[in-house]
2 protein chains.
Amino acid sequence: MQKKLMEKFKKELLEISYLGSAVAVLHWDQEVNMPSKGNDLRAKIIGSLSGELHNKFTSDNFEKLLLELRKELDAGKLSDKDNCIVRETWREFSREKKLPLDFVKELAETTSKAQMIWAKARKKNDFKLFLPELKKIVALKRKEAKLVGYKDSPYNALLDSYEPYMDVEEIEMIFSELKDFLVPFLAKIKKSKVKINSNVLKGNFAIEKQVKFNEFVAKKIGFDFEAGRLDKSTHPFTIGFHPQDVRITTRYDEKDLFHSINSTIHETGHALYDQGILLEGFGTPLGESISLGIHESQSRMWENIIGKSEIFWQYFYPKMQKDFSESFERIKLSDFYKAINIVRPSLIRTEADEMTYNLHIILRFEIEKDLIEGSIAVEDLPQIWNDKFKEYFGIKVSSDAMGVLQDVHWSGGMIGYFPTYTLGNLYSAQFFNTAKRDILNLEKEIKRGQFGHILEWLRKNIHIHGKLFSAEQLVEKVTGEKLTSKYFIDYLEKKYSKIYELK
Amino acid sequence: MQKKLMEKFKKELLEISYLGSAVAVLHWDQEVNMPSKGNDLRAKIIGSLSGELHNKFTSDNFEKLLLELRKELDAGKLSDKDNCIVRETWREFSREKKLPLDFVKELAETTSKAQMIWAKARKKNDFKLFLPELKKIVALKRKEAKLVGYKDSPYNALLDSYEPYMDVEEIEMIFSELKDFLVPFLAKIKKSKVKINSNVLKGNFAIEKQVKFNEFVAKKIGFDFEAGRLDKSTHPFTIGFHPQDVRITTRYDEKDLFHSINSTIHETGHALYDQGILLEGFGTPLGESISLGIHESQSRMWENIIGKSEIFWQYFYPKMQKDFSESFERIKLSDFYKAINIVRPSLIRTEADEMTYNLHIILRFEIEKDLIEGSIAVEDLPQIWNDKFKEYFGIKVSSDAMGVLQDVHWSGGMIGYFPTYTLGNLYSAQFFNTAKRDILNLEKEIKRGQFGHILEWLRKNIHIHGKLFSAEQLVEKVTGEKLTSKYFIDYLEKKYSKIYELK
C-alpha cells in the first residue's frame with residue numbers, strides 16, 4: 001500500500017520534472033540561440049509552461065498524495081530515501097502553498113519591471129531612479145518572510161530558499177571569523193614588496209582558438225561532452241536538464257584568454273555536480289543538488305583551489321604556451337601563476353580575486369539582512385554601502401553604478417542569495433582538505449593532468465547523494481566536522497603568504 | 001455570446017500552441033545540439049509533453065467548447081475566419097479523440113528513440129539494427145489507421161495527416177500521368193548526345209566559407225535572420241516555433257558546395273512560408289500552413305524552378321566565382337548551369353535531380369502504401385526496395401545505407417508523408433506559371449537578384465491565408481484551375497529539352 005503510494009507519487013514528480021526540464025531547455029535556447037524577434041512569444045511560452053508547472057505542483061490531487069505520505073513519514077515508516085523524497089517535497093510544497101497566487105504574481109511583475117529599471121539606473125548612475133522599485137521589493141520580501149514564517153530573523157525565511165536549514169546566526173558567526181582574518185591579512189598583502197604584473201595575461205586571442213582550449217580544459221577535468229555542451233552567452237551559466245544533458249556557457253574576451261578559462265572551469269565545476277547526480281534519482285529530491293552553497297563549493301573548488309593552483313598550471317601552461325605562443329612564449333609559469341592570483345581590492349564583485357571576493361559578500365549580506373530586519377532604510381543604502389566599503393576595502397566608491405547598483409540580484413528579488421557564494425568557498429576548502437587526506441597522490445595527479453580520483457571522490461562523497469543529507473549533515477559526514485572557517489582561512493593564508501612572501 | 005465563446009476558444013488554442021512550440025524547440029534542440037546521452041530522457045520529456053498536449057486538446061472542457069462552436073458553424077453563423085478555425089480544429093480534434101493517450105505516448109517515445117537508432121543503423125549499414133524499431137512503428141501506424149478509420153485504404157488515414165482532403169486514388173492517378181511522361185522522357189535524355197560534366201561542381205570548400213555563402217543566399221532571397229537561424233544537422237529540415245522564430249538547418253559537404261546551397265534554398269523556401277504566416281493567426285489554424293504539399297510547393301519553387309534556373313545564377317554565380325575562385329574561376333556559367341541540372345538516375349533521393357526525384361517518391365509511396373495495407377512484410381523491405389529500384393532506375397542498390405535506410409521519415413513515424421514531395425512539385429509549377437503572368441518583369445528581377453515581388457506574391461496569395469482555404473480551393477483560387485500535372489510536365493519538358501537538345 002505504502003509502496004504503491006510512493007510509486008504513484010514518484011510518477012507525479014517525474015511528470016513535473018519533465019515539464020521543468022522542458023522549461024530549462026527553453027531558457028537555455030533563449031540565452032544561447034534565439035533570434036531577437038522570438039523574444040515576446042518565448043516569454044509567453046515560458047510563462048505558460050511555468051504556470052502549468054505551478055498548477056501541477058499545487059493541485060489537489062498532488063496535495064492529497066503528499067499529505068498521505070507525510071503521515072507515513074511522521075510515523076517513521078519510510079526508508080531513508082523515501083524519507084528524503086517526502087521531506088524535501090513537503091518543504092517546497094508547504095512554502096509554495098503559503099504564498100497566495102496574487103502575491104506570487106505581484107512579486108514576479110515587480111521584479112520583472114525592476115530589473116529593467118535597475119539596468120537603466122545603473123547605466124545612468126542614478127540610485128534614485130531605482131529607489132522606489134527597491135523599496136517595493138524589500139517590502140514584498142519582508143511580506144514573503146512573514147507569509148512563510150520564521151524563527152528569530154525574517155532573513156532566515158528568505159535564506160531558506162537558497163541554503164535550506166542554514167540560519168543567520170551561523171552565517172554571522174562564520175562570516176565574522178572570516179572578516180577577522182581577511183581585513184588584517186589584506187593589510188599585510190598591501191604592504192608586501194612583491195609586485196605582481198597582471199598585464200602578462202593580456203594579448204590577442206582568436207575566439208575560435210579560445211573555444212578549443214576551453215573545451216580541452218573542460219574535458220580534461222572531467223566534463224562529459226556526450227552528456228553536455230559548452231556554448232557562448234552574454235552571462236556564463238550552467239543549466240542541467242538532467243544528469244545526461246548539462247549545458248554550460250562561457251563568455252569570450254578577445255583580449256583576455258584567462259577570462260574565459262576561469263569562467264569555464266567555474267561552470268564546469270557546477271556541471272560536474274549536475275552530471276554526477278544519479279540518474280535514477282531524476283524527478284525526485286534525490287536527483288537534486290543540496291543547496292546553492294554546496295553547488296557553489298563545487299564550482300569554486302575547481303575554479304580556485306584547483307584551477308588557480310600552481311600544480312594545475314604545471315600541466316596546462318605548457319599547452320597554453322604552445323597554442324598561444326605569441327602571448328605566452330616568454331612568460332614564465334611563476335609569473336603567469338602570480339598574475340592569475342593577484343590580490344587587489346576593487347569595486348566590482350564579479351571581477352574580484354578569491355580573497356577580497358568574500359568581503360564583497362560579507363558587505364552585501366550585512367546590508368540585505370539589515371534591510372529585511374528593517375534596521376536600515378532603503379534610501380540610506382548608497383551611504384551605508386560606501387561607508388562599509390571604505391571600512392572593509394580601504395577604497396572610496398567612485399559611483400553608485402560601481403557600488404550599490406552593480407549587482408542584478410536585488411532587482412530580481414534574490415535577497416538571501418549572496419551568502420551562498422562565500423559559503424561555497426568555505427565548504428570547498430573543508431571538502432578539499434579531506435580529499436587531500438583521502439587521495440594519496442592528489443597533488444602529483446593534478447600535476448600530471450589526472451583528475452579522475454578527485455572527481456570520483458566528489459561523485460562518491462557529494463554528487464550521488466542528491467538531497468539525501470542536508471548541507472550540515474553532509475559536511476559532518478564527509479569531513480568529520482561541522483562547517484568551520486578554519487580550512488578556508490588556512491588555505492588563503494598559506495597560498496597568499498607564499499605568493500606575497502609574508503612572514 | 002458567440003464572440004465570447006470564440007475568444008475563450010482562441011485562448012485555449014493559444015495555450016495548446018505554447019505547449020506545441022515548446023515541443024518543437026525540444027525537437028530542434030535534439031537534432032541540432034543535444035549530446036548523445038541525452039536521448040533517452042529527451043524522448044521521455046517529449047513523450048510527456050506530447051501527452052499533455054493531447055490531454056489539453058481532448059479535454060472535456062475543450063470538447064464542450066468545440067461542440068458549441070461546431071453548432072454555430074453548422075448553423076452558418078461564423079465568419080469565414082472563425083469558420084476556418086472551428087472547421088480545422090474539429091478535423092484535428094476528431095482525429096485525436098480516436099487515439100488513446102497511451103497510444104500517443106507510445107508512438108512519440110518509440111519514434112523519438114527509433115530516430116537515434118536509425119541514424120546508427122544507417123551509419124553502420126545495418127538494416128537489422130533498425131528492423132525491430134521499424135516493425136514497431138509500422139504496427140503502430142497500422143493501428144493508428146484503424147483507430148482513426150478510413151475509406152478504401154488504411155493509407156488514406158495516414159495521408160490525411162500530411163495532405164488533408166487528398167486520397168490514394170487521386171495520387172495514383174496523378175502519379176501515373178507523371179510516370180507516363182517521365183519514363184519515356186528519361187529514355188530520350190539518356191540517348192541525348194549532350195554529355196554534361198558534373199565534376200565542375202567538385203572542389204575543396206571550407207565549411208566556414210560555405211556557411212557564409214549559404215547565409216548570403218538565404219538572406220538575399222528573403223529569409224529574416226532576426227526571426228530565424230540557419231544551423232547544421234544530419235538531415236536538413238525547417239521548423240517554425242512561430243512566425244518570429246523559424247529555424248532551418250543544412251548539411252555541408254567539403255567536396256561539394258552546391259550540395260549545401262541547394263538544400264539551404266529548399267529549406268529557405270519552407271521558412272519563407274513559415275515566416276510569412278500572419279502572427280495574429282498564431283495559435284489557430286489561421287496561423288498554420290495548409291498542407292505539406294503546399295509547404296513543399298514553396299521549398300521546391302525556390303529550390304528548383306527559381307534556384308536551378310539560369311537567370312537565378314546569372315546573379316549569384318559571379319559572387320560564387322569570386323568567393324570560391326579556385327574552383328569556379330575557369331568554369332563558364334552555362335557549364336555550371338548544366339552541371340546543377342544534370343539528369344542522372346542515382347541512389348539517394350535527397351541528391352536526385354528534379355526529374356528522377358519523382359521516381360524516388362513514386363517508389364516510396366508504393367512501398368509504404370503496401371506496408372500499411374499489409375501486403376508486404378517489414379523484414380522483406382531491403383529486397384523489395386532493391387528490386388523496385390532496379391526496375392525504375394535501372395540501377396543496383398549498393399547497400400542498405402544507400403537504399404532503404406537513407407531517409408529519416410519512417411523512423412520518425414512519418415508514413416504517408418512522401419507523396420507530398422511530388423505533390424509539391426506539381427503545385428509549384430502551377431503556382432509559378434500564374435506568378436509569371438502576374439509579375440511583369442519577374443525574369444528581369446531574378447536576373448538582378450531582386451526577389452521582393454515574387455516573395456510578396458507568395459505572401460499575398462499563399463502564406464498569409466493560413467488554413468483559410470484547402471489546398472484544392474487555394475490552387476483553384478490562385479491559378480483558376482484544379483491541380484493538374486500539365487504545368488510541371490510542361491516545365492520539365494521545356495527546360496530539359498533545351499538542356500539536352502531534344503527535338
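So, the contact between the two chains: 38 residues come from chain B and 37 from chain A, where contact means heavy atoms within 4.5 Å. Bear in mind that this is a predicted model, where local features need pLDDT of at least 70, side-chain atom pairs count only at pLDDT 80 or more, and totals for chains, interfaces and linings use all residues. Residues are numbered from 1 along each chain as its sequence is written, chains are lettered from A and ligands numbered from 1 in the order in which they are written, and side-chain values use heavy atoms, with hydrogens and water left out.

How much area is buried between chain B and chain A? About 3,000 Å², with 58% of that from carbon and sulfur atoms; buried area is the accessible area (1.4 Å probe) that two parts lose on being put together, summed over both. On the chain B side, Tyr18(B), Lys37(B) and Leu41(B) lose the most area to chain A, together 21% of what that side buries.

Now the charges. Across this interface the rule finds eight salt bridges, meaning a side-chain nitrogen of Lys or Arg within 4 Å of a carboxyl oxygen of Asp or Glu. One of the pairs between the chains is Arg42(B) with Asp245(A), closest N and O atoms 3.4 Å apart. The side of chain B that touches chain A draws at least two residues from each of several elements, including helix H1 (2–32) and strand S3 (245–250); helices (H or I, at least four residues) and strands (E, at least two) are DSSP runs, numbered from the N terminus. H1(B) gives the largest share of that side, ten residues.

Over all chains, the whole structure has 67 salt bridges. Let me show you one inside chain A: Glu366(A) and Lys179(A), with N and O 2.9 Å apart. That pair ties helix H15 (residues 357–373) to helix H8 (residues 168–191) of chain A, 187 residues apart. Is Glu366(A) buried or exposed? Buried, at 17% relative accessible area, while Lys179(A) is partly exposed at 21%; the cut-offs are under 20% for buried, over 50% for exposed, and partly exposed in between (1.4 Å probe, protein chains only).

Last one, in chain B: Asp490(B) and Lys494(B) meet in a salt bridge, 3.4 Å from N to O. Why do I like this pair? They sit four residues apart in helix H21 (residues 486–499) of chain B, so about one helical turn separates them. Asp490(B) is partly exposed at 35%, and Lys494(B) is exposed at 58%.
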